[in-house]
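This briefing is for a reader who is meeting the structure for the first time. Please keep the sequence and the 3D view at hand while reading.

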Amino acid sequence: PVILAIESSCDETSVAVSNNGKITANVIANQTIHENYGGVIPELASRVHQQNIVPAVNQALKDAGLRKSDLTAVAFTRGPGLLGSLLVGVSFAKSFALALGLPLIAVNHMQAHVLAHFIDEPRPEFPFLCLTVSGGHTQIVKVNDYFDMEIVGETLDDAAGEAFDKTAKILELPYPGGPLIDKWARSGNPEAFSFPEPQIPGLNFSFSGLKTAVLYFLRERVQADPVFIENNLADICASVQHRIVSILLNKVKKAAVQYGISQIAIAGGVSANSGLRTGLEEMAKKQGWKIFIPAFQYCTDNAGMIAIAAHHLYQKGEFVGQDTAPMARMEF
Ligand code: ATP
Ligand code: MG
Ligand code: FE
């Protein structure tokens, strides 16, 4: 099948094409307007999706070297995400499919982050564990099959991406701060400052304490030295990143032992983080894991992952009707 897939759950308007399971286009239009506000403004996000979606669809078809008449199906992200943003993609996909007489495929965004691992080689074998770390979620997922996934651990408060973004905000770095913390951390000492690791039972996570710890630590230091942040930015970023990564990887290690699984994947925007990538590689050597790290373009929000998920839903004959509505909250 040749599937056109649309992703509009947050602030990226993305359109991809999968041609028999191979991604032949993956257009991602980032919304820069939110940088001015320190976070995604839902009302603005949906308006920008409206402006971006038609050009992104045309560009994706062009990149894939296809005409509309070559398509077999249309896929879209149904949820979870911002309702106004989802509505743009869902409504567009429904009208587009209706006009072309094509079947519709609805995709769960969080399953798609995991299924990004089936775009390129090497592909994990079932069952495997996936640490999905993004702007809104932090989950350890036991992946039994393409659409048989169990959340075995998750955050009780902030997501890992939020921990990065909120720290960046305290440091007055622009939104989204995750990639900037990563950049500064490269030249810093991860052991310069020590932040506490929360003691949360089982496989769950908590990041709100870290944010508060960073806030209080900086408040105290800045009081004594007004240029403390400017003079120590790299060390602060490296230390906070080091702690976020250790919180994540210690739970993954625990999950791997508990389930006796040694194939470990990471997914979601935070899986682009260089500290997490090298930390996982080091732990994998010690633990004897086989690890799976997605290409950068498939870490943060992208329609390529929606297209690959849709390809597998197509194989199962799972189509939806024109009455399908977006879901801001959506379970697996
Ligand atoms: P969700 O998937 O939970 O609905 P989302 O779609 O907004 O949330 P993604 O686009 O998958 O999330 O990821 C965005 C997050 O990833 C942001 O919090 C961003 O700061 C973070 N991020 C991206 N690159 C990096 C990086 N190199 N280091 C740390 N964090 C990063
Ligand atoms: Mg985003
Ligand atoms: Fe996402």
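The model is predicted. One open sheet has five strands in the order S3-S2-S1-S4-S5, and another five strands form an open sheet in the order S8-S7-S6-S9-S10. Ligand 1 is surrounded by 24 residues.

**The sheet S3-S2-S1-S4-S5**

- The pairing in this open sheet of five strands is mixed.
- Strand S3 (22–30) and strand S5 (104–108) stand at its edges with a single partner strand each, so one side of each has no neighbour in the sheet.
- Direction ignored, neighbouring strands of this sheet are turned against each other by 20° on average.
- Strand S1 (residues 2–7) and strand S4 (residues 73–79) run parallel and are joined by four bridges.
- Leu4 has Val74 as its bridge partner in S4.
- S4 and S5 also run parallel, and five bridges join them.
- Ala75 has Ile105 as its bridge partner in S5.

**Helices packed on that sheet**

- Helix H1 (residues 42–64) packs on the sheet and touches S1, strand S2 (12–19) and S3.
- The direction of H1 makes about 25° with that of S2.
- Helix H2 (residues 83–100) also packs on the sheet, where its contacts are with S1, S4 and S5.
- The direction of H2 makes about 160° with that of S4.

**Strand S5**

- Five of the five residues of S5 are buried, and the strand is mostly covered.
- In a regular strand, side chains alternate between the two faces of the sheet.
- On one side of S5 lie Leu104, Ala106 and Asn108, and on the other Ile105 and Val107; these residues are all buried, and both faces are covered.
- The chain reaches S5 from S4 by way of H2, in a β-α-β crossover that is right-handed.

**The sheet S8-S7-S6-S9-S10**

- This open sheet also has mixed pairing among its five strands.
- Its edge strands are strand S8 (148–154) and strand S10 (290–292), each of which pairs on one side only.
- Strand S7 (residues 138–145) pairs with S8 in the antiparallel sense, over six bridges.
- Within this pairing, Asp148 in S8 is the bridge partner of Asp145.

**Around ligand 1**

- The closest of the 24 residues around ligand 1 are Gly135, Gly136, Gly161, Gly178 and Gly269.
- Helix H3 (109–115), helix H4 (160–170) and helix H5 (178–185) are the elements that give two or more residues to this shell.
- By type, the shell around ligand 1 has six nonpolar residues, 15 polar ones and three charged ones.

**Ser46**

- Ser46 is located in helix H1.
- Ser46 counts as partly exposed because 19 other C-beta atoms lie within 10 Å, while a buried residue needs 20 or more.
- Leaving out residues up to four places away in sequence, Ser46 touches Gly84, Ser85, Leu87 and Val88.
- Ser46 and Phe332 are 286 residues apart along the chain, and 24 Å separates their C-alpha atoms.

Key: Residues numbered from 1 in each chain as written. Chains lettered and ligands numbered in written order. Predicted model: local features only at pLDDT ≥ 70, side-chain atom pairs only at ≥ 80, totals over all residues. Near = placed C-beta within 6 Å. Nonpolar A, V, L, I, M, F, W, Y, C, P; charged D, E, K, R; others polar. Pairing = 2+ DSSP bridges. Axes fitted to C-alpha atoms, helices over the stretch in contact; angles between N-to-C directions. Contact = placed C-beta atoms within 7 Å. Buried ≥ 20, exposed ≤ 12 C-beta atoms within 10 Å, placed from the backbone. Right-handed = clockwise from strand over helix to strand, strands pointing away.
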